[in-house]
Amino acid sequence: MKQAVARLAPVLPLLTDLGTRFTQAGHELALVGGPVRDAFLDRTPPDLDFTTSASPDETEAILRSWGTATWDMGREFGTIGAVRREGGTETTVEVTTYRADAYDGVTRKPVVAFGESLEDDLVRRDFTVNAMALRLPSLEFVDPHGGLDDLQAGLLRTPSTPEVSFGDDPLRMMRAVRFVAQLGLVPAPEVYAAMQAMASTIGIVSAERVRDELVKLLMARTPRPGLELLTESGLAAHVLPELPALQLEVDEHHRHKDVYVHSLIVLDQAIALEGPADGPPESVPGPDLWLRLAALLHDIGKPPTRRFEAGGGVSFHHHEVVGAKMTAKRLKALRFDKETVKAVARLVELHLRFHGYGDGQWTDSAVRRYVTDAGPLLQRLHRLTRADCTTRNVRKAQRLSRTYDELEVRIAKLLEAEELGAVRPELDGNEIAEVLGIRPGPVLGRAYKHLLAVRLDEGPIGKEAATERLRSWWAEQPESSEQQG
């Protein structure tokens, strides 16, 4: 307990101040949930969550006297927020009236019912490790459900029975998966059994809420244990069905890898290749959601493209193209933003491109296309490609690594010489229109694409040579003869 209080030392003056203000006004106040749990884990809590006996109106009045600004977007759920700016430091708090939630049984949206006591509030929490509190300003530790014992034992249990807890809000099963990844906890047997039995009920939770939990899981330091629980519990079949579908039975000749395990290894290796959080953009500072999603999903096109060949071989022709389409479809269903959908699908589509490089036979034109096709995703593609090498053959792994080193050197030289990051035809749209005597439209677009292909194939050739190429191309187009006629 002393160690936990010591971890809270930087915010103790704040806790004491707020606790005193609420008690002087005749109300109770307690620090609750994640901040208390993190203090026992010797982690600095990122947020401070409070619960109180005061009504939202009473809370707002107290916080208005404490802070420099308040907001009440969560008023219907009993939550009032405030910020205090002092000496260049900004402190944000959220205080929620004791809750005794019920759920409507259809959409699982909470029907707000305010509780009478701190104990009422704690029993409605998702897990015992989040059902611990410190009364303020006394710092009295409140733990009616044995959360501290569970935390020390590394167990994830629910304050009420897991069937009741998950029945109230099935999203709590996704939170269990996340806490396994974030905190290294293991679900108690009864919690795991309830997750397996109730996995299908996650289907009534909004895609946005599920997506947010999935993102938090993937952004954990070690998401793999959580993803394994997601699959083994049956949740993934309803949330990310492409993941368990990777568990292809091994063919009788054992000619291909377990694609599911391979994908988890690729994710681990991609995470290891991320740069530090404060690193430059070219280092792909971690945690990087796009890279992690692409690493996890890069082979989801394999199950639908698997073919058993004569002689016992197995092929997955064009699985990267099929996988890119599947990736976009799944991410859209999970309500990811358009930029994320486009970027992750593009990485999946390009993840095999390097294997056409062989022993370095690519021309400069092919290297240019590799760079321009990747665009701003190039550094992520570098890491995804390297992470995708999971062979146990040390000699083969070393050869692939050396070959990719050579490709990156070639890319760096071309980038330096030609500014490939912003490749454009050597004539812009206005110049093309003037040379050909045409107006903006589809024909001009085709001419632009032709000059872009010339630029990629031949590198910089100068405006005069580009104009000659354009006129030669134009002479072969049907619109040219129509123009002359």
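Where is the place of H318? H318 sits in the loop between β13 (314-315) and α16 (319-333). Helices (H or I, at least four residues) and strands (E, at least two) are DSSP runs, numbered from the N terminus. This is a predicted model, in which local features need pLDDT of at least 70, side-chain atom pairs count only at pLDDT 80 or more, and totals for chains, interfaces and linings use all residues. Residues are numbered from 1 along each chain as its sequence is written, and side-chain values use heavy atoms, with hydrogens and water left out.

Stay with the backbone at H318. Its phi is positive, about 60°, although H318 is not a glycine. H318 has a relative accessible area of 56%, so it is exposed. The cut-offs are these: buried means under 20% relative accessible area, exposed over 50%, and partly exposed in between (1.4 Å probe, protein chains only). R335 also has a positive phi, near 65°, and is a residue other than glycine. R335 lies in the loop between α16 and α17 (338-350). With a relative accessible area of 45%, R335 is partly exposed.

Next come the cis peptide bonds. One joins L136 and P137, with omega about 5°. P137 belongs to the loop between β8 (133-136) and β9 (140-142). Another joins G286 and P287, with omega about -5°. P287 is in the loop between α13 (259-272) and α14 (289-297).

Now turn to two buried helix residues. T59 is in helix α4 (residues 56-66). Its relative accessibility is 1%, so T59 counts as buried. Beyond its neighbours within four places in sequence, T59 is in contact with F22, T52, A54, I80 and V95. Contact here means heavy atoms within 4.5 Å. A181 is found in helix α8 (residues 171-183). A181 has 4% relative accessibility and therefore counts as buried. Not counting residues up to four places away in sequence, A181 touches L217, A220, T222, P223 and G226. A181 and L229 are 48 residues apart along the chain, and their C-alpha atoms are separated by 9.3 Å.

The last stop is a helix pair. Helix α21 (residues 429-436) packs with helix α23 (residues 463-475) at an angle of about 55°, and their axes are 11 Å apart. That angle makes α21 oblique to α23. Angles under 35 degrees count as roughly parallel, over 145 as roughly antiparallel, 65 to 115 as roughly perpendicular and the rest as oblique. Axes are lines fitted to C-alpha atoms, for helices over the stretch in contact, and angles run from 0 to 180 degrees between N-to-C directions.

Which residues make the contact? From α21 come E431, I432, V435 and L436. From α23 come K463, T467, L470, R471, W473 and W474. The residues of this contact of α21 with α23 divide into 6 nonpolar, 1 polar and 3 charged. Ala, Val, Leu, Ile, Met, Phe, Trp, Tyr, Cys and Pro count as nonpolar, Asp, Glu, Lys and Arg as charged, and the others, Gly among them, as polar.

Finally, look at α21 by itself. I432, A433 and L436 of α21 are buried. Seen down the axis of α21, its buried residues fall within an arc of 100°, so they line one face of the helix. The arc is that of the directions from the helix axis to the C-beta atoms. The face of α21 turned away from its buried side carries the exposed residues N430 and E434. An α-helix has 3.6 residues a turn, so residues three or four places apart point the same way.
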